[in-house]
Amino acid sequence: MNPIETLKLKADLLVEGVRAGGEALEGLGTIHKEQNHGLFGWDFEDHVGTKLPDDFVLPGGTIVQFRKNSRSPFKVRRCTNGLDLYRLEERLCEVNWLPRPEFYDKKTLGGNPMVRIGQIGGEDCLFFCYQNHCSYFAKKQQCLFCNLASTSDTYDSVLRKKEVREIGEVASAALEEGVARHVLLTGGCFNRQREIDLVRDIMASISAQTGLEGIPGTILPSPAVGLDDVLAYNEAGIRAIGFSMEIWDEALYAAICPGKAGAVSHDDFLQGIRMAVEVFGEGNVYGVFVMGLEPRKTFLEGVREITFLGANVVPFVWSPNPGSLLEGHRAPTAEWYVETVLEAAEIVYAADIPPGTENHCYRCDGNSLLHDALRLRGIE
Ligand code: SF4
C-alpha cells in the first residue's frame, strides 16, 4: 500500500467508521491501549461496557482513530499472525493496536487511577483535560458537533476535575516510562483568569515532578483574546498554544458555535493567533478546525490566512457522534476530505511554516489527515 493509498484509507475509516470482531478485541485494556474518553467521544455509537481501541496503526506508521460503526464496511479481524483490515470480504492490509502504557495500571499518591487523569493519544501524546465541563451546555449554546457533556455522563471514565499535583504525578510516570514525547492540555470553556491560574499551577506541578524547565507540549485554552493572556500562558512554561476556531466562515461559525461565537469573534481569534505567533514563535501556534462542516472554499481560505500569520493548522475530521446536536448526520465523503486536505497541504507547504514539533504530528493525531498529506511532501 503506497502513502496516498494509506491516506485515502484513513479518510475512509474516519468517515465510515470501523468494526472489530470479538477475537480481534482480545487484549484490549491489558496488552493493548483502550479508549478512556478523556474529553469527547468520537465513535458513531456508544459502547458502554465494551473496551475498544483508542486508535490503531496502518502500514507505514499512519495512526488512525478507531470510530465504532456497526454498519461500516470496514472490519478488523484476528488472523494467524495478528490483525487484518477488511472492506467487506476483501483483505486490505495488516493493522496493529497500540501497546497499553504501564502507567494506566498505576495510582497517584491520592489513590486515583492515573488513567482517569491522563491518557496517551496516538503513540506519544500525553493528554490532560483539566476540566470536563463547558459552561455553554447549561445555556444550551454548545457547539453543534460537541458531545463533551454526554461523553462524561455516558462513560464516567475520567475524573471531571483533576488535582494539579496528580497531573504532575501522571506526567512524571508517563515521561519516565518513555510513552510520552509531549503533552496536550485543554478543558471546556470557563472563566479566563481561573483558567490561566490553573494552567500556571499545572505547569509548575509538571515541572516540579519531572524536572523539566519548559514543558514540551501544547495548551488549547479557552480563546485567549488579550496579549496578557498569551504572555501568561507562555510564561507558564508550555512551548506551544492552539486556538480552536472550529469554523472559518463567520456566519457558519456563529450558527455552529453559538456560545463561543457570542464570546469570541472571528477577528478576536485572528488577533490572538497573531499575538501568539509573536510570543511563541512561528510554527508553535495552531489554528484548530472541525473539517467537514463548511465548504471547501472557506475552509481553504482559513488555511491560507492562518498560515499567512505564521501558524500551523490542525483540521479534525468531523464525527457526527452520539450526544452532539449533529448526531446521526453524515460527514462529507472520504474523497472530499482527501481532495481538500491535499490542497490544504499544498498551502501549508508553500507557506513554509516550521512544522510544529510540540504536538499534532502524524504519530499523535489519528483524527486529522493533514499530517499524513504533509508527509507526502516530506514534512513530518
Ligand atoms: S466550546 Fe464548544 S467544542 Fe469546546 S467544549 Fe464547549 S461546546 Fe464543546
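1. Helix 6 (residues 227–236) and helix 9 (residues 266–280) have axes that come within 9 Å and cross at roughly 40°. The model is predicted, with local features needing pLDDT of at least 70 and side-chain atom pairs counting only at pLDDT 80 or more, while totals for chains, interfaces and linings use all residues. Residues are numbered from 1 along each chain as its sequence is written, and side-chain values use heavy atoms, leaving out hydrogens and water.

2. Helix 6 and helix 9 are therefore oblique to each other (under 35 degrees counts as roughly parallel, over 145 as roughly antiparallel, 65 to 115 as roughly perpendicular, the rest as oblique). Their crossing is right-handed (the near helix is turned clockwise from the far one by less than a right angle).

3. On the helix 6 side, the contact (heavy atoms within 4.5 Å) is made by L227, V230, L231, Y233 and N234, and on the helix 9 side by G272, M275, A276, V279 and F280. These residues divide into eight nonpolar, two polar and no charged; Gly counts as polar and Tyr as nonpolar.

4. Helix 6 also packs with helix 5 (residues 192–210): the axes come within 9 Å and cross at roughly 15°. Helix 5 and helix 6 are therefore roughly parallel to each other, and helix 5 passes helix 6 in a left-handed crossing.

5. From helix 5, R192, E195, I196, V199, R200 and M203 meet D229, A232, Y233 and A236 of helix 6. The residues of this contact divide into six nonpolar, no polar and four charged. Y233 of helix 6 is listed both here and in the contact with helix 9.

Conventions
Axes fitted to C-alpha atoms, helices over the stretch in contact; angles between N-to-C directions. Helix = DSSP H or I, 4+ residues; strand = E, 2+ residues; numbered from the N terminus.
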